[in-house]
Amino acid sequence: MMKTTRLLALAAAAFLSAPLTTLAAVPEPLVPPHQKWDFDGPFGQFDQKALQRGFMVYDRICSTCHGMKALTYNDLSGIGMSEQAILDLAHSKMIAGPPDVSGQPTSRPGRPDDHFRSPFPSDEAAAAMMGGVAPPDQSRLAVIQPHGADWLYAFLTGYKMPPPADAPVVPGKFYNDWVDGHLIGMPPPLMNGMIQYPDGTPATVEQQARDVTSFLVWAADPHRTARHRTGLWVVLYLIGLLVLAIAWKKKTWKRVKSQ
Amino acid sequence: MKTPENTGDHSANTPPATGLAGWIDQRLPVISAFRAEYVDFRLPRNLNWLWNFGAILTVVLVLMLATGIFLAMNYTATDAGAFLSVEAIDRQLSGGWLLRAMHMTGANLFLAALYIHLFRGLYYGSYKAPREILWLTGLILLVMVMATAFAGYMLPWGQMSYWGADVITKAVGAVPVIGGALEHIMTGSDHLGDVFLHRFFVLHFLMAFLVVAVVGLHVTAVHISGSNNPLGIEPKTKKDTLTFHPYYTTKDLVGLIIFALIFTALMFFWPNLLAEPANYAPADPMHTPADIEPEWYFLPFYGLLQSVPSKFGGLLAAAGSIVVLFFLPWLDRSPIRSARFRPLCRVGLLGLVVAFVLLAVAGKHHAEGVWMIVARLAGLYYFGYFLVLLPLAARMEKTRPLPSSIAAAEGDA
């Protein structure tokens with residue numbers, strides 16, 4: 001009897017502990033330093049000026065390689081662009097049209113309800129032209145990327161030129177503190193004074209990185225400001241309603257309790 | 001002095017409706033039926049806040065149908081179009097982001113409320129005679145809601161939708177003999193694409209309305225057998241009960257508003273607590289995500305699925321964890337319903353909740369390393385509770401004495 005019990009216990013222990021050996025050390029992911037953002041937290045709101053500067057950076061620099069195909073030009077009214085500015089912007093983009101009568105590809109000026117023009121005809125074409133990896137679409141990049149805004153900012157300001165002495169040098173790759181293996185095919189996109197902000201904000205790399213990060217976070221969650229504002233009113237309304245409902249309930253139940 | 005008998009109870013002295021209402025009621029007694037079931041209907045007087053969740057679930061179900069219909073009008077169930085159509089709902093459709101946020105939050109909180117509702121049934125022994133059918137219809141609803149939630153999660157066709165579908169269809173494929181055929185019926189073609197997505201869209205939409213039908217049966221059953229209560233003893237006199245209106249309408253209203261506050265706080269301020277970021281990347285069959293995990297409400301079952309070394313065994317364990325609930329009224333033969341009077345079961349049930357949560361955490365860690373052991377122990381405990389502890393407790397447990405009536409327990413004998 002004892003023997004059976006011990007055997008059973010042994011078998012159970014073996015069954016339970018079998019996969020323990022697979023426990024391997026996983027390298028800790030890099031945590032970028034936390035930045036202060038206007039849009040953080042449950043009441044955070046976007047700064048429209050920053051979003052407009054950020055869109056400028058995206059439009060002049062990022063969009064040469066990265067698509068943002070979930071957005072239409074009309075969506076930019078969300079960062080405070082006027083209808084006329086959106087119309088002009090869309091009109092300045094040449095978008096692929098239907099083939100003409102002889103089957104030749106055509107292009108036409110964009111319209112406000114067109115989706116953002118993709119820089120490449122397809123992901124395959126993008127991969128072929130960009131060294132094997134297609135630049136990721138940026139519509140939801142700030143959500144998908146762990147540490148979202150903090151990582152984007154750290155990454156955009158994290159290129160080291162020249163790379164640290166002990167870093168491996170691979171032709172066509174650039175050193176960045178915030179990517180896996182520290183090497184990435186994307187060259188440093190931002191330079192001091194590369195663009196001029198119409199509102200006179202000095203266009204340092206850090207400023208551009210902050211602005212375009214804000215813009216990417218907005219693109220990934222365009223209704224955040226409205227959501228937070230609406231939410232506040234709804235919660236206040238519900239609290240008012242709750243007070244009334246509790247009073248009604250108490251008044252009703254007094255008849256039961258006071259017997 | 002006012003008493004519940006002469007203030008809230010209209011059943012004896014309500015005059016029959018006159019005029020147009022009377023004309024309708026004589027031909028189709030909807031008005032008197034509503035009055036009988038939702039105004040004068042008598043419930044035990046001692047129902048606590050856990051009895052709010054029936055009403056809460058009903059309201060969330062209506063919200064899901066209302067938002068779901070409008071989402072469906074703007075959704076495209078194709079491999080190429082699904083992801084972008086959901087993006088368009090979120091971005092370009094006026095108010096679409098709010099519709100979708102309500103539907104997503106609703107799905108999560110529906111399952112949360114359902115688990116609380118189920119726990120209440122377990123704790124107060126609501127599955128025992130004469131409420132077996134009520135319990136069984138509730139479990140059918142649980143299964144249907146889980147299927148609906150799973151199908152719904154496929155629809156945005158993001159990475160987690162696709163790879164979740166991949167895991168589940170392959171798990172179904174692991175069933176001996178008929179697995180291959182079952183898998184093919186589910187996917188509809190040799191890959192997860194248009195046919196699969198269209199099928200699950202139709203299934204999601206259809207199931208939602210079938211759920212409404214079964215809710216009808218469930219509610220009918222509770223109106224026949226009457227609600228259980230925290231003491232688990234049947235009301236004997238009118239003194240033990242209160243009318244649905246105004247007593248429980250006001251109590252349900254307070255519960256509903258508190259639930260709505262939690263709902264809106266999550267939806268407006270912390271939506272990312274419930275959403276899986278990886279599902280904002282479109283489905284890509286060529287690129288397996290590092291971490292495939294289901295929504296939180298499936299994690300306990302995922303933990304069970306992964307804790308068993310064989311795929312089919314895991315599937316059996318996960319499915320068995322729900323199947324065993326169907327036999328509960330006949331596994332637990334104790335005449336005492338409420339765990340308040342069953343010290344052993346009370347502790348055992350607390351352990352069951354802990355095991356369920358541990359299985360979820362283990363599922364989140366893919367039952368790797370220590371979590372494999374935890375998942376197996378928790379899984380053993382889960383089945384042990386239903387198959388060993390409950391049948392034995394009915395014979396061995398020393399129960400506490402029951403009060404003579406509900407009113408007596410409330411100090412109103």
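In this predicted model, the centres of domain 1 and domain 2 of chain B, taken over C-alpha atoms, are separated by 21 Å. The domain assignment places domain 1 of chain B at residues 36–273 and domain 2 of chain B at residues 293–395.

**Where the two domains of chain B meet**

- The contact between the domains takes 24 residues from domain 1 of chain B and 19 residues from domain 2 of chain B.
- On the domain 1 side, the elements that give two or more residues are helix 6 (96–123), helix 7 (132–154) and helix 8 (159–173) of chain B.
- Helix 7 of chain B makes the largest contribution to that side, with seven residues.
- If you sort the residues on the domain 1 side by class, you get 18 nonpolar, four polar and two charged.

**Two crossing helices in chain B**

- Helix 12 (residues 299–307) and helix 15 (residues 343–364) of chain B have axes that come within 7 Å and cross at roughly 70°.
- How are these two helices oriented to each other? Angles of 65 to 115 degrees count as roughly perpendicular, and therefore helix 12 and helix 15 of chain B are roughly perpendicular to each other.
- The crossing of helix 12 of chain B past helix 15 of chain B is left-handed.
- Helix 12 of chain B brings residues including B:Leu299, B:Pro300, B:Tyr302 and B:Leu304 to this meeting, while helix 15 of chain B brings residues including B:Phe356, B:Leu359, B:Ala360 and B:Lys364.
- By class, the residues of this helix contact are eight nonpolar, four polar and one charged.

**Chain A and its side of the interface**

- Chain A contains eight helices and four strands.
- Reading from the N terminus, the order of elements in chain A is α-α-α-β-β-α-α-α-β-β-α-α.
- Chain A has 259 residues, and 24% of them count as buried.
- Take the contacts in chain A between residues at least 6 apart in sequence: 61% of these join residues at least 24 apart.

- B:Lys128 sits in the loop between helix 6 and helix 7 of chain B.
- Is B:Lys128 buried or exposed? B:Lys128 is buried, because 22 other C-beta atoms lie within 10 Å, and the cut-off for buried is 20 or more.
- Leaving aside residues up to four places away in sequence, B:Lys128 touches B:Pro329 and B:Arg337.
- B:Lys128 and B:Ala149 are 21 residues apart along the chain, and their C-alpha atoms are separated by 28 Å.
- B:Gly226 is found in the loop between helix 10 (194–225) and strand 2 (241–243) of chain B.
- B:Gly226 has 17 C-beta neighbours inside 10 Å, so B:Gly226 counts as partly exposed.
- B:Gly226 and B:Leu389 are 163 residues apart along the chain, with 28 Å between their C-alpha atoms.

Terms used
Residues are numbered from 1 along each chain as its sequence is written. Chains are lettered from A and ligands numbered from 1 in the order in which they are written. This is a predicted model: local features need pLDDT of at least 70, side-chain atom pairs count only at pLDDT 80 or more; totals for chains, interfaces and linings use all residues. Domain bounds come from an automatic or database domain assignment. Two residues are in contact if their C-beta atoms, placed from the backbone, lie within 7 Å. Ala, Val, Leu, Ile, Met, Phe, Trp, Tyr, Cys and Pro count as nonpolar, Asp, Glu, Lys and Arg as charged, and the others, Gly among them, as polar. Axes are lines fitted to C-alpha atoms, for helices over the stretch in contact, and angles run from 0 to 180 degrees between N-to-C directions. Angles under 35 degrees count as roughly parallel, over 145 as roughly antiparallel, 65 to 115 as roughly perpendicular and the rest as oblique. A crossing is left-handed if the near helix is turned anticlockwise from the far one by less than a right angle, and right-handed if clockwise. A residue is buried if 20 or more other C-beta atoms lie within 10 Å of its own, exposed if 12 or fewer, and partly exposed in between; C-beta atoms are placed from the backbone.
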